[in-house]
Amino acid sequence: MDALSRERITLRTPDDIARMREAGLVLWQVLEGLVGAVAPGVTTLELDRLAARRTRELGAEPAFLGYCGYPASLCISVNDEVIHGIPSRRVLQAGDVVGLDYGVILGGWFADSARTVVAGKGSPLAARLLATTRGALARGIAAARPGARLGDVGFAVQEHVEGCGFSVVRDFVGHGIGRRLHEAPHVPNYGRPGTGATLRAGMVLAIEPMVNAGLCDVETLDDGWTARTLDGSLSAHFEHTVAITENGPEILTLPPGEALPAD
Ligand code: MF3
Ligand code: CO
């Protein structure tokens, strides 16, 4: 049992959630800028600098920089890298599958979101992997309603991913979020319906499926951070910070009224 598993799940007030949405909107703007900047020839370090600069222009701070010793602002994971890739002088190539995972702090509130895009034109497999992972996140979010169980969320993600012939990473999971980047509960991307904690209005979860085109196994590189698929297959990652309200899930890392793409 780790610390998060023993911790109680904090319920946020509507006012807290409004502040988290402000953090989420800053994050969304930064991610939009990053997505627009991904192109063959760009280095991952340039994207990291862009993220940090835009975040500070918008009055917030990067959330990952220095977290558990993480050495950059952005996590950028390319092709067979799953998550926690460290920005470097690596130059993006046409067809690269580029995972952008970013977090900000605004007024003491955290927001966390990730998207995966292709630099230039991608393969049909990459397109299918991205659509499946995006669709899995949408299904996990839709399951996050008051009275549902955490296992319902994981099941919705897993069923979609495996139905598309891909696999869900188990070594990393989503998390509660609020005053800290990682709060209780753990939010696995697999599970059985009707099991796990009961979801209540006021909970805020970072739901973040990581999906491999091949097997689910991952390994961590010698840099101590980068997680990569063991079989070298492509991997994708999408994440939103989601508040559970009486009216259902509200995505805090999208502008109000912006719908999730239907996949
Ligand atoms: N979204 C990732 C997570 O929730 C990013 C945090 S990584 C770190 O784990 F760099 F901040 F450590
Ligand atoms: Co996260």
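Trainee: How many Å should helix 5 span, at 1.5 Å a residue?

Mentor: Keep in mind that this is a predicted model. Helix 5 covers residues 150–163, which is 14 residues. The expected span is 1.5 Å times one less than the number of residues.

Trainee: What do the buried residues of helix 5 pack against?

Mentor: The buried set includes Leu150, Val153, Val157 and Val161, and Gln158 and His160 are in it too. Contact here means heavy atoms within 4.5 Å. On that basis, the buried residues of helix 5 pack against helix 4 (124–142), strand 6 (167–168), strand 8 (183–187), strand 9 (204–207) and strand 10 (210–212).

Trainee: Why is the arrangement around the cobalt ion (ligand 2) irregular?

Mentor: Asp112, His175, Glu208 and Glu239 coordinate the ion at 2.1 to 2.2 Å. Six donors count as octahedral if opposite donors are over 155 degrees apart and all others between 65 and 115. The arrangement is irregular because the six donor atoms subtend angles of 65 to 169°.

Trainee: Is Glu208 buried or exposed?

Mentor: Glu208 sits in the loop between strand 9 and strand 10, 33 residues from His175 in strand 7. Buried means under 20% relative accessible area. Glu208 has 6%, so this residue is buried.

Terms used:
Residues are numbered from 1 along each chain as its sequence is written. Chains are lettered from A and ligands numbered from 1 in the order in which they are written. This is a predicted model: local features need pLDDT of at least 70, side-chain atom pairs count only at pLDDT 80 or more; totals for chains, interfaces and linings use all residues. Side-chain values use heavy atoms; hydrogens and water are left out. Helices (H or I, at least four residues) and strands (E, at least two) are DSSP runs, numbered from the N terminus. Buried means under 20% relative accessible area, exposed over 50%, partly exposed in between (1.4 Å probe, protein chains only). Donors are N, O and S atoms within 2.8 Å of the metal (3.2 Å for Na, K and Ca); water is not among the atoms, so sites may look incomplete. Four donors count as tetrahedral if all angles lie between 85 and 135 degrees; four count as square planar and six as octahedral if opposite donors are over 155 degrees apart and all others between 65 and 115; anything else is irregular.
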